[in-house]
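Here is a brief report on a multi-chain model.

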Amino acid sequence: MKRALPVALGLLAVALALYPLEATGYGLRVGLQLFMWIALAQSWNLISGLTGYVSFGHVVFFGTGAYTASLLVNAGMPWPLACLSGGGAGALLALIIGWPCLRLKGPYFAIAMLGLNEVMRVIVSYAEGLTGGGNGLSLPTLDASRSIYYAMGLVAAAVTAVTYAIVTSRFGLRLMTIREDEVAAEAMGIDTLRYKIYAFMLSAIGPGIVGGLSARDQGYIEPISVFPLIMTITMIVMALFGGKGTIWGPVLGAVVLFIFQEAVWARFVYLHQLLFGAIIVAVVLLMPRGILGVLQQKYNLPRTI
Amino acid sequence: MSVLITPAMVGQVVISGLLAGSIYALVALGLGLIFGVMRVLNVAHGPLMMLGAYTTFWLFQRFGLNPYLSVLVSMPLLFLIGVALQRFLVRRVVDAPELSSLLLTFGLSIALVNLAQLAFTSDLRSVEYLTGSFVVGPFAFSKPRLAACAFAVTITAGSFLFLRGTRLGKAIRAVSQSREVAQVCGIDVQRIHLLTFGLGSALAAAGGSLVAVMVAIQPEMGQIYTFKSFLVIVLGGAGNYPGALLGGLLLGLVEQLSSLFLTAQVNEAVAYVLLVLVLLIRPTGLLKGRV
Amino acid sequence: MAPILEVRSAVKRFGGVAAVNRVSLALEKGRIYGLIGPNGSGKTTLFNCITGVDHVDEGLILLNGRRVDRLKPHQIFHLGVGRTFQVIRVFPELTALENLLVVTTAGYAEARRRAEELLARVKLERLAGEFAGNLSYGQQKLVEFIRVLMTDPDLILLDEPAAGVNRTLLNDLLDAVRALRDQGKTVLLVEHDMKVVMGLCETVFVLDHGEKLAEGAPGVIQADERVIEAYFGR
């Protein structure tokens with residue numbers, strides 16, 4: 001069993017890598033988006049799943065990355081570097097927000113994150129000279145779907161790998177103690193604020209990079225397209241459904257719900273969002289640990305699932 | 001472009017601030033009750049308010065019912081809805097880690113907003129009932145705002161009389177101070193939870209009905225009130241009910257005052273900046289509260 | 001010799017009530033102290049203030065002569081203070097071993113060695129990989145106890161170590177506490193079980209309604225009328 005998993009993963013990786021050779025433009029876009037959602041859900045998991053601090057405004061890092069990367073591309077920077085910078089911008093923003101807000105207990109942090117969306121949109125609109133305000137930003141036309149597909153795939157893989165590394169380390173254990181019992185964690189010598197900030201910053205890099213990649217792919221961004229609440233909602237549903245706090249849970253959730261989304265969203269936007277809301281409620285009430293979490297408990301699976 | 005700020009302008013702004021603040025206080029009191037009694041942050045509070053606004057709209061649209069009278073309908077209606085939500089959903093997460101109730105009410109808020117989208121469409125609605133202002137000297141009192149404030153004050157005062165004077169109200173305060181002690185004193189905590197969620201929802205609905213005359217009604221209208229109600233609770237101190245009043249008025253004042261100096265767009269961020277400031281400097285609230 | 005811990009006129013209020021009201025005490029190194037008092041007398045609040053979980057409104061707390069009353073819990077921990085809690089607070093979704101590993105900043109290999117050694121000392125080595133939440137009450141209590149010992153603190157605060165524990169386990173715990181004292185550690189324990197306090201502690205502090213009522217050797221305290229009145233009278 002232990003040997004089968006890496007082999008299976010390897011085969012999957014090869015298949016995914018060869019996919020673009022056969023795929024249509026639409027198929028490529030689907031694959032690219034799936035990777036994006038995996039990266040997003042996995043990143044949300046890093047802060048909310050591991051430390052228990054629910055981030056309701058995580059899309060803020062996606063939007064920040066999108067704008068940062070777009071501005072840099074327009075200034076002449078090659079897009080791969082620009083997107084990485086988007087990730088850096090996300091981490092920096094996480095530090096700025098996290099330093100005051102993470103020193104509060106969970107509910108207060110959640111409140112702060114709720115309002116964040118509003119603020120970012122206001123800031124972006126206000127800094128019109130820089131960001132083009134409500135008119136949006138255009139990037140030079142470029143057909144790089146294939147490259148972006150690979151880039152997104154790399155980010156998704158990287159975030160998952162980082163999650164694995166964290167969960168199997170003492171750093172990860174310490175993050176989990178914050179979730180389990182923050183008071184006891186503090187009393188046991190863990191500087192919870194520092195750890196929360198680290199986790200928060202790490203969780204912002206993925207969204208920052210994929211924000212940049214998405215902007216490059218679309219060729220045009222505007223405030224509502226890169227700070228949509230539905231993106232935060234989707235990240236949360238995916239991670240919750242698959243199993244927050246696990247490694248593969250967000251991946252599972254992303255895959256399942258992405259298929260669901262492709263089927264329903266295009267034609268029934270509100271129904272789709274309603275269902276997402278209902279799924280969140282259902283998961284919290286019926287299987288708070290998500291699918292993988294439930295399996296973990298039932299079959300006593302290791303934490304590396 | 002600089003504008004000379006006259007005392008009359010400041011006075012006007014203070015008045016507008018207090019009028020707006022009374023609504024904030026009303027809605028925040030509802031949220032504060034739920035948080036104080038059950039330690040649940042009701043992210044769906046804004047959507048509940050939105051439902052109150054729609055109730056008023058449809059009653060006005062279909063039956064021509066005076067919007068201010070419709071409060072008598074929207075409050076009991078949302079009370080019942082609140083009780084049902086508590087009974088079937090929220091109750092299960094009251095004792096779970098806070099994360100669970102946050103996520104639950106978050107999911108609930110999404111569901112409610114989108115239900116409204118499906119049922120009512122996202123067309124902007126309005127209730128044309130009262131317009132214009134009373135002019136007294138250099139000050140103008142917007143009529144709908146004045147009426148809303150009057151009703152808000154009445155309802156809020158009534159709530160406080162209820163909390164202070166009646167046995168049920170005292171039971172609610174007891175549970176919010178210590179659930180264990182309240183239980184030992186023979187209080188049926190489950191019933192109190194049901195009542196409180198219902199009451200909190202009713203207060204949100206009242207706020208919604210009152211602003212229905214003044215703002216555009218659409219499914220997402222409540223979201224900003226959710227956040228601002230949280231802010232008010234933080235300002236006044238969690239669990240401090242009179243604090244919610246003062247916090248609401250303060251928020252109204254601050255927003256109106258800053259509008260003298262900032263553009264309308266940037267002013268939207270004022271509430272947020274205020275929250276971060278308070279959380280950093282005095283997280284227990286400007287008055288004394290339990291964190 | 002300077003006291004390892006000094007509390008000077010500590011006051012802690014909740015709302016209008018003073019849970020701790022002008023309490024002063026001093027602990028000498030290498031002794032076992034007891035803190036007793038009726039329920040609600042402020043014992044756990046005092047513990048919380050000493051360990052930084054709460055902060056005193058007035059007064060000072062000094063550790064080895066250094067003010068610690070404004071520090072955060074993790075900072076106080078690293079100054080050599082360890083504590084257990086009245087209601088057991090192990091991390092339920094971490095294994096027993098992980099509960100111990102998480103606490104120390106030492107290198108992984110050394111931390112693991114020490115953790116396994118401590119687990120063996122309390123005969124829990126076979127449960128090292130078990131989730132702490134699945135352990136029995138007594139086992140969790142032991143894990144919480146040895147967790148405190150992981151970083152070899154000089155001052156150890158135990159909040160009701162005997163609560164809910166059977167005789168054999170209790171004797172093992174008491175022997176362990178005495179061994180700590182013999183190593184030069186200072187122990188302060190809150191306890192309701194009078195036999196434990198009288199048999200183990202060298203000096204006992206009595207709190208009542210947030211105030212220090214009495215202080216002295218166990219035998220003296222037992223005979224003190226005010227103490228008797230506080231527990232049984234009024």
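## Helix pair in chain A

In this predicted model, helix α2 (residues 25–51) and helix α7 (residues 145–167) of chain A have axes that come within 8 Å and cross at roughly 25°. Axes are lines fitted to C-alpha atoms, for helices over the stretch in contact, and angles run from 0 to 180 degrees between N-to-C directions. That makes α2(A) roughly parallel to α7(A) (angles under 35 degrees count as roughly parallel, over 145 as roughly antiparallel, 65 to 115 as roughly perpendicular and the rest as oblique). Helices (H or I, at least four residues) and strands (E, at least two) are DSSP runs, numbered from the N terminus.

The crossing of α2(A) with α7(A) is left-handed: the near helix is turned anticlockwise from the far one by less than a right angle. The residues of this contact divide into 13 nonpolar, nine polar and two charged. Ala, Val, Leu, Ile, Met, Phe, Trp, Tyr, Cys and Pro count as nonpolar, Asp, Glu, Lys and Arg as charged, and the others, Gly among them, as polar.

## Helix pair in chain B

Helix α5 (residues 143–165) and helix α6 (residues 167–177) of chain B cross at roughly 80°, with axes that come within 5 Å. That makes α5(B) roughly perpendicular to α6(B). From α5(B), Phe162(B), Leu163(B), Arg164(B) and Gly165(B) make the contact; from α6(B), Gly169(B), Ile172(B) and Arg173(B) do. By class, this contact has three nonpolar, two polar and two charged residues.

## Interface of chains A and B

34 residues of chain A are in contact with 34 residues of chain B (C-beta atoms, placed from the backbone, within 7 Å). On the chain A side, the elements giving two or more residues are α4 (79–101), α5 (106–126), α12 (229–242) and α14 (269–286). The largest share, 13 residues, comes from α5(A). By class, this side has 26 nonpolar, six polar and two charged residues.

Chain C has nine helices and 10 strands. Its radius of gyration is 18 Å, close to the 17 Å that the globule rule gives for 234 residues, so chain C is as compact as a globular protein of that length. The radius is taken over C-alpha atoms; the rule is 2.2 Å times the number of residues to the power 0.38.

The C-alpha trace of chain C spans about 50 × 40 × 35 Å along its principal axes. Among contacts in chain C between residues at least 6 apart in sequence, 66% join residues at least 24 apart.

## Conventions

Residues are numbered from 1 along each chain as its sequence is written, and chains are lettered from A and ligands numbered from 1 in the order in which they are written. Local features need pLDDT of at least 70, side-chain atom pairs count only at pLDDT 80 or more, and totals for chains, interfaces and linings use all residues.

Technical notes. Two residues are in contact if their C-beta atoms, placed from the backbone, lie within 7 Å.
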